[in-house]
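Dear colleague,

I am passing this structure on to you, and my notes on it follow below. Please read them with the structure open beside you.

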Amino acid sequence: MLAIWKREFKSYLHTVIGWLFMAAILFFVGLYFTATNLLYGSAYFSNVISACGFILLLAVPILTMRCLAEERKNKTDQLILTAPVSLGKIIAGKFLALVSIFTIPMLVICLYPLILTRFGNVPLAEAYTAILGFYLYGLACMAVGVFISSLTESQVIAAVLSFAALFVCYIMSGLCNMISSEGNILTKILGCFDFYTRFSAFLTGTLDLKAVIYFVTVILLLMFLTCQSIQKRRWSISVKSLKTGVFSSGMIAVAIAVTVLVNLVADQLPLSVSSIDMTSNHLYSLTDDTVQFLKNMQEDVTIYVYGKKSTLDETISQTLSKYESESSHIKVEYKDPVKYPNFASDYTSDTLQENSLIVVGEKRNKVISYADMYETQLDYNTYSQQTTGYDGEGRITSALDYVTAAEMPVVYRITGHDEQELDSSFQTAMEKANLTVEDLNLMDQDAIPDDADAIMILAPLSDFSTDDAKKVKDYMAAGGKAIVVTTYTDKDMTNFKSILDEYGVSVTKGILAEIDNGHYYQNPFYLIPEVKSNTYTSDFADSKYVFAPYAQGLTVSENDALSVTQMLVTSENAVVKDDPQSMTSYEAEDGDETGQFTLGAKVEKTADDTTSTLFVFSSENLFTDASSQMVGGSNLQLFTRVINDLSDEQSSVSIPVKEYTQENITVPQNQFVFLGLTTVILLPVLLLVAGIVIWVRRRRR
């Protein structure tokens with residue numbers, strides 16, 4: 001086999017065909033690489049691979065057309081039939097020679113994502129997953145070409161038939177959709193020839209082991225069929241030929257059956273095993289919170305997809321598959337708007353977008369609009385909306401929690417003291433946690449309502465009355481829960497602070513400044529606190545920052561009745577500036593208090609077998625969109641963890657939006673020109689010139 005491989009490999013390098021194939025692959029990949037990554041600054045190399053999938057349909061038939069057809073035309077196939085080497089090894093050697101020719105440009109292509117890392121953050125795992133998919137897809141295409149080349153002695157016919165076969169495999173998904181949008185036996189049979197759908201799984205950043213098994217088994221089957229095609233010519237017409245033909249047909253049937261069986265078994269593998277999420281932001285993976293929630297589910301829920309299965313958004317499709325694989329209580333059904341035009345009207349009076357979801361439980365149902373599953377923002381360079389985040393998991397988990405919860409938790413936001421409003425992303429987090437948020441002016445009530453699962457006091461600028469403070473204390477003493485955010489003000493806040501005093505929390509008068517430059521950003525008042533690892537910070541304690549500008553210092557006492565969980569603290573060199581307006585230095589001055597202060601903590605108080613919970617934070621800017629965006633959403637993650645603890649419903653969970661896109665890379669003009677010329681022109685031309693020179697020199701011998 002090694003001798004066959006060497007002979008075939010050299011033959012491709014001694015003619016222009018092999019060099020032309022390699023040059024064509026590098027030219028088109030380089031062209032899209034230059035346009036997509038270098039010019040437009042996309043960090044995703046998978047976009048390049050996606051655009052180049054069609055190139056294999058043109059290039060592979062030209063490379064494989066002479067593999068066996070030329071042997072048959074020149075009658076040298078008789079040497080194959082009488083060679084001491086087994087036919088299988090001969091076919092394997094020829095195929096491996098083709099693989100080697102294809103591998104050379106693929107190794108060069110593997111360098112491209114590494115080049116991009118010079119200019120910004122690049123999701124390498126996604127890039128190489130796409131390259132692997134392209135490689136497997138190319139090998140499968142070559143196996144098709146080799147098989148068809150064994151059926152004819154005409155290279156032209158072999159090339160045309162190979163292209164036709166590969167083109168049908170390329171558009172098979174569309175053909176199946178035309179036959180039946182919901183699928184039937186015919187589309188399942190035709191789907192066995194669908195190469196491109198398996199290839200496209202790799203382009204989304206998913207290492208699909210089912211697709212790997214599919215391509216490997218298809219390649220092995222086609223190599224076996226190629227052997228059988230040649231084997232039939234060994235025998236003349238005779239009784240023995242008939243027996244051999246029967247044996248050959250039986251072996252072909254067995255080989256096809258084994259291939260189908262292997263893929264059927266692979267299809268039964270759970271998604272947690274067969275589908276590995278290689279995206280940098282774990283776009284297709286379910287978070288631990290969702291997985292735990294699904295394990296605790298006891299009620300059957302149906303998720304209706306308002307649209308066709310064949311046209312469902314790929315990201316949402318994979319997310320729904322994960323939910324189904326994690327819980328036997330979840331069932332996904334598709335409702336084609338054409339066939340069921342009135343289906344959505346049973347659940348909502350609004351006009352529903354295609355790809356929207358309707359989550360139906362035994363108690364209630366909830367509609368998830370397709371638009372709500374993606375986060376967008378205006379790009380001021382192009383004045384168009386750009387997709388920035390994927391919220392599919394967050395919305396679906398929230399809906400499942402909503403339709404299965406016994407009761408809907410209520411959180412009252414205390415008003416009447418110039419409190420702060422929550423920014424949009426934090427309001428969305430509370431909606432996804434299925435917390436009903438209502439404003440409550442204590443002046444209008446004799447007490448905090450009995451249905452309150454928790455209260456929020458967000459950065460009041462004026463003091464509570466004695467009566468208002470008592471209402472809060474009474475509510476907390478009965479086992480209440482509260483989120484309290486303090487803020488700097490020159491007004492007297494005695495009554496407000498008395499609420500905190502009940503939990504051993506005292507607040508400094510001024511604003512904290514950090515002397516340690518590792519604990520602030522640009523300005524000593526822009527604090528980057530130390531994050532204490534616990535249940536609420538485990539997602540980012542070791543990898544991300546929290547941003548807490550203009551914070552006050554908290555001192556939290558602990559005793560037998562009080563249990564304290566520290567979340568955010570300053571360095572030991574923090575300074576309290578009592579009067580920021582008149583300070584002359586960020587360094588400690590006369591009268592300034594110094595030391596380590598708490599910026600966020602959970603305090604649990606137990607009295608008479610009743611436990612109340614206070615979450616206290618000392619920066620009014622902590623829970624704002626601007627601050628959270630400064631640190632990649634860590635502030636929102638902290639808030640999400642905290643509000644999940646507000647409800648008595650243990651299943652309450654809120655999943656943050658997953659960042660959808662990588663920031664663009666920036667390629668300097670001189671590097672753009674150099675890399676563009678190298679990948680689009682220099683490398684392909686060098687390969688072509690090398691091939692022509694070798695061919696001409698051999699012709700002259």
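Which residues in α23 are buried? They are Ser634, Asn635, Leu636, Gln637, Leu638, Phe639, Thr640, Arg641, Val642 and Ile643, where buried means under 20% relative accessible area, exposed over 50% and partly exposed in between, with a 1.4 Å probe and protein chains only. Since ten of the ten residues of this helix (residues 634-643) are buried, α23 is largely enclosed by the rest of the structure.

Before going further, please note that this is a predicted model, in which local features need pLDDT of at least 70 and side-chain atom pairs count only at pLDDT 80 or more, while totals for chains, interfaces and linings use all residues. Residues are numbered from 1 along each chain as its sequence is written, and side-chain values use heavy atoms, with hydrogens and water left out.

The chain as a whole has 24 helices and 25 strands, taken as DSSP runs (H or I, at least four residues, for helices; E, at least two, for strands) and numbered from the N terminus. Its C-alpha trace spans about 110 × 60 × 45 Å along the principal axes, and of its 701 residues 51% are buried.

Helix α9 (residues 124-149) has 26 residues and reaches 37 Å from its first C-alpha to its last, close to the 38 Å expected at 1.5 Å a residue, the expected span being 1.5 Å times one less than the number of residues. Because 20 of those 26 residues are buried, α9 is largely enclosed by the rest of the structure.

Helices α7 (residues 87-109) and α13 (residues 209-231) pack at an angle of about 125°, with their axes 10 Å apart; the axes are lines fitted to C-alpha atoms over the stretch in contact, and angles run from 0 to 180 degrees between N-to-C directions. The contact (heavy atoms within 4.5 Å) is made by Leu87, Gly88, Ile91 and Phe95 of α7 together with Ile219, Met223, Thr226, Cys227, Ile230 and Gln231 of α13.

Tyr550, in the loop between β18 (548-549) and β19 (554-556), has a positive phi of about 50° and is partly exposed, with a relative accessible area of 34%. Asp609, in the loop between β23 (598-607) and β24 (610-617), has a positive phi near 65° and is exposed, at a relative accessible area of 79%.

With best wishes
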